[in-house]
Amino acid sequence: MLIVCVPLHHQPGDEAKNHGDGQIMTKRGQGEIAEPIIGSATPAPEQPDTKDIVADVALTVFHPSATSVEAGFFTWDIASGEVICDPVTFRMHGLRDHLVASMDTFLARVPESDLPQVREAMDTMVATAGTYQVEYRVLGEDGSLRSMEARGRIMPGPDGRPARMMGLVMDTTAARAQREAEERQLRDVADRANRSRDFTAALAAASTVDAIVEAARTGLRAYGADSLILMAMRDSRLQVAASCGFDDASLRALSGLDPAHPTPLSVAMSWRSPVYLPSPDSLADDFPHLAHVLDRSAQQAWAALPVADSGGKIGACLFGFPEVHDFSPDERALLFAASGLLCQSMERARMHQTQHALATILQRGMLPRGPLTAPGLSIATRYQAATTGIEIGGDFYDVVNLADGQTALVIGDVEGHSLLAASLMGRLRTAVHAYTREGHGPAEVMARANRWLTDLNTDPEVALFATCCFVVVNPATGLMTVCRAGHPPPVVVAPNSAPRILDCDPGLPLGIDADTEYRTIESRIDPGSVLVLTTDGLLESDAGDDFNLSRLLGVLTITSSDDLDELATDLLTSVRRSRRHGDDVALLVARLDA
């Protein structure tokens, strides 16, 4: 309940005339009553002399506002409590005409819950003489609650104290209901606009079909819908590209394309015109062979709209509504926009997935095929792509069996995520493999690969760098030689020992300085020791060249699997990775056999 009591100050420009038995009201400006001011009761300003007030009353007149309201007049003697009013005022308050009424008679019509606020407002008004405005509720003749508004002036007596209240009372129930309805409509429009904006943003961010369907489940509420069927051209034929909210039987029935048994979707595509079915009866009338759908369907209204993809192929979008729905012109325009957004998003997602599949095939084709083997070593490898579309990385691994019985283990990472990075990765792996086959030592292989890549980086616009870790293992003696070019160091786990880092001079990444010299370290490992080489996609890197291997060491400490494949899988799933670039991961795990 809202109680409003505000002073209405008379301005020099206000017109005022006598109306009836001393009842007064002011006209502001061009003649419309000002809208009520929401607020608490405030005292009126200092009042003029009583003679001036009487003269002012004689010039005061009520001018009705543009809103159609019922109005009556009253005079209240504050001292005696007697109220004199016209029949309209009695009737608006649910009272019989010609009563000897008091203010308590009228207050008895105010709901009990509102009474304290009304009395407080009256006390504030009576405290000082002046103009006033108050809103309150009463029980009407039919027992319903009615909204009332009273305006007028409190006149002082001979002693200057408030003695009489006179004014106008209006039934504003209809006007208030209309205003509240308009406010609800504005809120609904704003809420729908916000939901439409969120739906559009979700579709723009979605890069997979599943993400689009998930966005549709939430976003359809912006249009009053709760279910969807999207049909589009796939593999040279029309088929359901995405759906949500429909049960399987309804989905099959509503997406049929048999010309002998048309559906809302097929009609929308054939005629390239929308089909609106506002109720179950309309579906049964226009598509009687689909009447069985109504027995199990949770939808009560449907709208099918044709949509065209970028190639001009016509598909259609069917929206289902949980209640009978009247499709206004504004809603139809919104549904057209939504169907277009869905179609474009779905086409983009399909293209995105196709590009990613092609890029993944290209990338995997540049890595060694099949299981890698070497005398005296057991080896497991993993490659995990963490990017989408054509944004693929340049991570690689390789195993090279040397003529003297030793084995070279190589892992590297080309800078960037692109087709150029992936293609350069393939060429760099081949170059390192070839230099190794020629019999060069680890430092010389890194130096030659560095010069080769530096010579390629003549164009600054497409220059790329790479990191690499090169380890030569002699299975017969357990002797290892390690060389790094800006890459994370390898980790060794000896039997019954804690994992340790084989740290050495990190060196510069390949492709920066052609004259860079690389250093090596030698270490001996026992039979049964496990060597782990990985790219920084598996590691949580803070910045620069500082590689945080603590999480990798933690997993290796608690992992006791003797199966290298299980160990590799555990490392991929257990090490919490930073997603700063959605980096790929290459992993090579080797055990020195007994």
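**Notes on the predicted model**

1. Ile411 has Cys469 in β16 as its bridge partner. Strand β15 (residues 407-414) pairs with β16 in the antiparallel sense, over eight bridges.

2. On the β17 side, Cys469 stands opposite Arg484. Strand β17 (residues 479-485) runs antiparallel to β16, and six bridges join the two.

3. How many disulfides does the structure contain? A search of the whole structure finds zero. Cys244 is in no disulfide, and the nearest cysteine sulfur, that of Cys317, is 9.4 Å away. Cys244 is buried, with a relative accessible area of 5%. Cys468 has its closest cysteine sulfur in Cys469, at 7.1 Å, which is too far for a bond, given that a disulfide requires sulfur atoms within 2.5 Å. Cys468 likewise counts as buried, at 0% relative accessibility.

4. A separate matter is the open sheet of five strands, whose order is β13-β22-β21-β18-β19 and whose pairing is antiparallel. The edges are β13 (377-384) and β19 (500-501); each has a single partner strand, so one side of each is left without a neighbour in the sheet. Strand β18 (residues 491-493) pairs with β19 in the antiparallel sense over two bridges, and Val491 stands opposite Ile501 in β19.

5. Two helices pack on this sheet. Helix α13 (residues 550-558) touches β18, β19 and β21 (530-534), and its direction makes about 15 degrees with that of β18. Helix α14 (residues 564-574) touches β13, β21 and β22 (585-592), and its direction makes about 145 degrees with that of β22.

6. In helix α6 (residues 209-219), the buried residues are Val209, Ile212, Val213, Ala215, Ala216 and Gly219. They cover an arc of only 160 degrees around the axis, which puts them on the same side of α6. An α-helix has 3.6 residues a turn, so residues three or four places apart point the same way.

7. How does α6 lie relative to helix α5 (residues 173-205), and what is the angle at which their axes cross? The axes come within 9 Å and cross at roughly 175 degrees, which makes α5 roughly antiparallel to α6. Phe199, Ala202 and Leu203 in α5 meet Ile212, Ala215, Ala216 and Gly219 in α6.

8. As for the chain overall, it has 14 helices and 22 strands. Of its 594 residues, 48% are buried. Among contacts with a separation of 6 or more, 65% are between residues 24 or more positions apart.

Terms used
Residues are numbered from 1 along each chain as its sequence is written. This is a predicted model: local features need pLDDT of at least 70, side-chain atom pairs count only at pLDDT 80 or more; totals for chains, interfaces and linings use all residues. Side-chain values use heavy atoms; hydrogens and water are left out. Buried means under 20% relative accessible area, exposed over 50%, partly exposed in between (1.4 Å probe, protein chains only). Helices (H or I, at least four residues) and strands (E, at least two) are DSSP runs, numbered from the N terminus. The arc is that of the directions from the helix axis to the C-beta atoms. Two strands pair if DSSP finds at least two bridges between them. Axes are lines fitted to C-alpha atoms, for helices over the stretch in contact, and angles run from 0 to 180 degrees between N-to-C directions. Angles under 35 degrees count as roughly parallel, over 145 as roughly antiparallel, 65 to 115 as roughly perpendicular and the rest as oblique. Contact means heavy atoms within 4.5 Å.
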